[in-house]
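Please consult the sequence and the model while reading.

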Amino acid sequence: MPHDHADHDHLSPSGHPYRADNDGPLTYWQQMEIAVRELLIEKGHITAAEIATQVNDMDSRSPANGAAVVARAWTDPEFKTRLLADAGDASREMGFDIGPLELIAVENTDEVHNLIVCTLCSCYPRNLLGLPPDWYKTRAYRSRAVREPRSVLREFGVDLPDGIRVRVHDSTADMRYIVLPARPKGTDGMDADALAALVTRDSMIGAGLARTP
């Protein structure tokens, strides 16, 4: 079986890194999280059911949310203006809970291509895209995306002409970015639902382009 492979330093045949079992002793921070959570419940500030609901809400978020935002921006110029001015408020307008974070939308054009990274850890627009891919959290991506973004993009299949400027945006705990990819040619007349199907997770990070129909 692929996951019985003894060499845990390599990727599985499906391309996912092996992950050690988490049945060892709890870390200091894990113990702290449990202690604070149980104290909040004991003091009546929150219930276990409310915590479970919040976890379920977080797990239900997916790139489909971000794709819906992008597709509306492609079809509604006034919404696009609002999105680029304040991505958090524009996303809330569509019913997506962004939380207290500052969300910034950056647009890919014929002159500029944007790439998102978190050089410190794994800050990511989870409220719109769900959980980040494993590669986004690796030290290799976090360092190379800044040092040699064009090489990284080529490895994702995005080979940009020299005339296109690449901008790399470093996320923080308080500030997240989402890329508004360029609308593919040949999509005139497509409605928002059809357009959303062309928007990939990677295109909203900048590591990919929107699909062509």
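Q: Which helix gives the most to the lining of the largest cavity?
A: Helix α6, residues 126–129, gives the most, with three residues. The model is predicted: local features need pLDDT of at least 70, side-chain atom pairs count only at pLDDT 80 or more, and totals for chains, interfaces and linings use all residues. Residues are numbered from 1 along each chain as its sequence is written, and side-chain values use heavy atoms, with hydrogens and water left out. Helices (H or I, at least four residues) and strands (E, at least two) are DSSP runs numbered from the N terminus.

Q: What makes I98 and R176 lining residues of the largest cavity?
A: A cavity is a set of points, on a 1 Å grid over the protein atoms alone, where a 1.4 Å probe fits but cannot get out, and a lining residue has an atom within 4 Å of such a point. I98 and R176 are in the lining, which also includes Y124, R126 and L128. The volume of this cavity is about 60 Å³, taken as the space filled by probe spheres set on points joined across faces, edges and corners.

Q: How is the lining of each cavity divided by class?
A: The lining of the largest cavity has six nonpolar, one polar and two charged residues. In the second largest cavity, of about 40 Å³, the division is eight nonpolar, no polar and no charged. V69, L83, A105 and I178 are among the residues of that lining, and Val, Leu, Ala and Ile count as nonpolar, as do Met, Phe, Trp, Tyr, Cys and Pro, while Asp, Glu, Lys and Arg count as charged and the others, Gly among them, as polar. Strand β4 provides the largest share, three residues.

Q: What makes the space by T109 and D110 a pocket rather than a cavity?
A: A pocket is an open set, with protein on both sides within 12 Å along at least five of seven lines. The largest pocket holds about 380 Å³. Of its 18 lining residues, T109, D110, A182, R183 and L209 are the closest to its centre.

Q: Why is W29 called exposed, whereas I116 is called buried?
A: Buried means under 20% relative accessible area, exposed over 50%, and partly exposed in between (1.4 Å probe, protein chains only). W29, in helix α1, has 65% and is therefore exposed. I116, in strand β2, has 1% and is therefore buried.

Q: How do you know that E33 and R37 form a salt bridge?
A: A salt bridge requires a side-chain nitrogen of Lys or Arg within 4 Å of a carboxyl oxygen of Asp or Glu. E33 is partly exposed because its relative accessibility is 40%, and R37 is partly exposed because its value is 29%.

Q: What is the N to O distance in the pair K137 and D134, and in the pair R144 and E148?
A: K137 and D134 have their closest N and O atoms 3.7 Å apart, and the side chains of R144 and E148 meet at 2.6 Å. Both pairs are therefore salt bridges by the cut-off. The whole structure has 12 salt bridges, and R72, D76, R82 and E93 are linked in a network of them.
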